[in-house]
Amino acid sequence: MTFEKGNDKIGMGRQKEKKPVYFRMLIFRKEGKIAMENFNFCVGTNILFGKGKEEQLSELLKKYGTRVLLTYGGGSIKRTGLYDKVKKLLEDFEVFELGGIEPNPRIDSVYEGATICREEDVDVILAVGGGSTIDCSKAIAAAAYYEGDAWDLILDPSKIEKALPICTILTLSATGSEMDNGGVITNLRTKEKLGFGHPLLLPKVSVLNPENTFSVPANQTAAGSADIMSHILEVYFDRKQAAVPDRISEGLLKTVIQYAPIAVKEPDNYEARAELMWTSSLAINGICSTGKECAWSCHPMEHELSAYYDITHGVGLAILTPRWMRYILNDDTVDKFAEYAVNVWNVVPAEDKYETANAGIDATEAFLKSLGIPMTLTELNIGEEHFARMAEHAVEFGGLNDAYVPLSREDVVNIYKMCL
Ligand code: NZQ
Ligand code: ZN
C-alpha cells in the first residue's frame with residue numbers, strides 16, 4: 001500500500017514552520033487492488049442549461065407528439081409563476097394535468113397518472129418540479145403501457161418493456177433525476193420506499209434554468225445539497241480503484257461545499273444556484289461511478305427512514321452519512337478516508353492516518369450542520385422502535401451485503417442508533 005505525494009499547485013499552502021505543503025492532494029493506491037471495471041457510458045438526455053431555456057422546449061416536445069401530460073407537485077410552480085409560463089409554452093399542445101404529486105411520491109399518484117395517459121392517449125410527459133415529480137412521472141411513463149399493477153414494475157423493473165418519453169423542467173437541485181434513469185416510489189400500504197430504474201426512463205430533454213430554483217427554501221436547498229454530496233460519496237467509497245471518477249467526484253464535492261452555503265443564505269444568487277444545479281445532474285448521471293462496482297450504503301438505510309417517517313430524503317442522508325463513515329472506518333478503509341479528507345476538505349495529513357481520516361469525517365458533519373440541517377433522528381421525533389424491521393428490509397432490498405463495507409442487519413441497527 002502506498003500513499004503518493006501529489007503536486008496540486010492550487011492547493012499548495014504553507015505549514016506553520018513555513019515549509020511548502022505538497023500533500024494537498026493525496027492519491028491512494030493499494031497494490032493488488034483491481035482497477036476499473038469495464039463500462040458503457042451513454043447518457044442521452046439533451047440538457048438545456050441556463051436562463052430562459054424553457055423557450056426551446058416546445059419545439060423539442062413536438063418530436064414526441066401533441067398530447068402532453070403535465071405533471072407537478074403540491075403547488076410551488078403555481079406560486080412562482082412557472083406554471084403559467086409552461087402553459088403558454090404548451091399553447092399548441094393538448095394538455096392534460098396531474099398536480100399534487102407528493103414529496104416521497106406515492107404509488108397512488110402513479111396509478112392516477114397512468115390512467116390519464118391511457119384514457120387520453122398521451123404522447124409525452126412533461127414533468128415540472130423536483131425529484132419527486134420527475135420520479136413519479138418515470139413510473140407513470142412505464143405504467144401507461146403495463147396491464148398489471150404498476151407496483152410490480154417498481155419491485156421488478158425488468159418487466160418494463162415500453163415507456164412514454166419524458167421531458168423535464170427541474171425546479172430543485174438534488175436528486176439528479178433529470179439526467180438519470182431511476183426513481184423512487186413509496187407504497188404506504190406496505191411501508192416500502194423502493195428504487196427502480198430502466199434505460200427507457202431516461203429523460204429525453206431536461207431544462208435546467210437555475211432561476212427556477214431561486215424560490216427553493218433554505219431547508220430544501222440544504223437537504224438537496226446533502227443529497228448531491230451523498231450521491232457522490234456512495235460511489236467515491238468503492239472497492240475498485242478508479243482515478244478519473246474520483247478526481248471528478250472530489251471537484252464536484254468541493255463545488256457543493258463552496259456554493260451550498262451561499263445558496264442557503266442568498267436564494268437568488270444565480271452563480272450558486274447554477275453551480276449546484278449542474279452538480280446535481282453530474283453527481284448521479286453515471287460519470288462518477290464509471291469503473292466502480294459497489295452497491296450504495298446510505299441510500300438504502302435512508303429510504304427506510306422516509307418510508308416509515310416520511311422525512312425529507314436529504315435530511316435523512318445528512319444524519320446517516322457521518323455516522324456511517326465513523327462506523328466503517330477501519331484498517332481497510334482508513335487510507336481512502338484520509339484521501340477524502342485531504343483532497344476534499346484540505347486537511348493537512350497527520351502522522352496518524354486515523355487522525356487525518358477522522359478530521360475529514362468531522363468536517364463533513366460540521367458542514368452539513370452548518371447548512372442548518374437537523375443532525376439527529378431524535379430531533380425528527382424518531383425513536384428506535386422500528387429499527388430492527390427497517391434494517392432487515394434495507395439489507396434485503398438495498399444490496400447492503402455488497403456495499404463498500406458490507407453491512408448486516410445488526411450493523412444497520414447500530415448505525416441507526418448512532419443517529420439518535
Ligand atoms: O411539491 P411542490 O409544491 O413543488 O414543493 C416541493 C416539495 O415540497 C418543493 N419545491 C420543489 N421545487 C421548488 C420547491 N419549492 C419552492 N420552489 C421550488 N422551485 O420542495 C419540496 C421537495 O420536493 P421533492 O421533489 O420531493 O424534492 P427532491 O428533488 O429532493 O426529491 C426527493 C425524492 O427523490 C428521491 C427521494 O427519495 C425522494 O423521494 N430520489 C430520487 C433519485 C433519482 N431519481 O435518481 C435519487 C435520490 O437519491 C432520491 O432517492
Ligand atoms: Zn439521494
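Which strands does helix α4 (residues 107-120) lie across? The points below start there.

1. Helix α4 lies across β4, β5 and β6, running at about 160° to β5. Angles run from 0 to 180 degrees between N-to-C directions, with axes fitted to C-alpha atoms. Helices (H or I, at least four residues) and strands (E, at least two) are DSSP runs, numbered from the N terminus.

2. A word on the source: this is a predicted model, where local features need pLDDT of at least 70, side-chain atom pairs count only at pLDDT 80 or more, and totals for chains, interfaces and linings use all residues. Residues are numbered from 1 along each chain as its sequence is written, chains are lettered from A and ligands numbered from 1 in the order in which they are written, and side-chain values use heavy atoms, leaving out hydrogens and water.

3. Now the sheet: 6 strands form an open, parallel arrangement in the order β3-β10-β7-β6-β4-β5. β3 (46-49) and β5 (94-98) stand at the edges with a single partner strand each, so one side of each has no neighbour in the sheet. Strand β4 (residues 67-72) pairs with β5 over 5 bridges; pairing takes at least two bridges found by DSSP.

4. Please look at the zinc ion (ligand 2) too: Asp227 (OD), His231 (NE2), His299 (NE2) and His313 (NE2) coordinate this ion at 1.9 to 2.2 Å. Donors are N, O and S atoms within 2.8 Å of the metal (3.2 Å for Na, K and Ca), and sites may look incomplete because water is not among the atoms.

5. His231 is buried at 2% relative accessible area, and His313, at 14%, also counts as buried. Buried means under 20%, exposed over 50%, and partly exposed in between (1.4 Å probe, protein chains only).

Definitions and conventions: Contact = heavy atoms within 4.5 Å.
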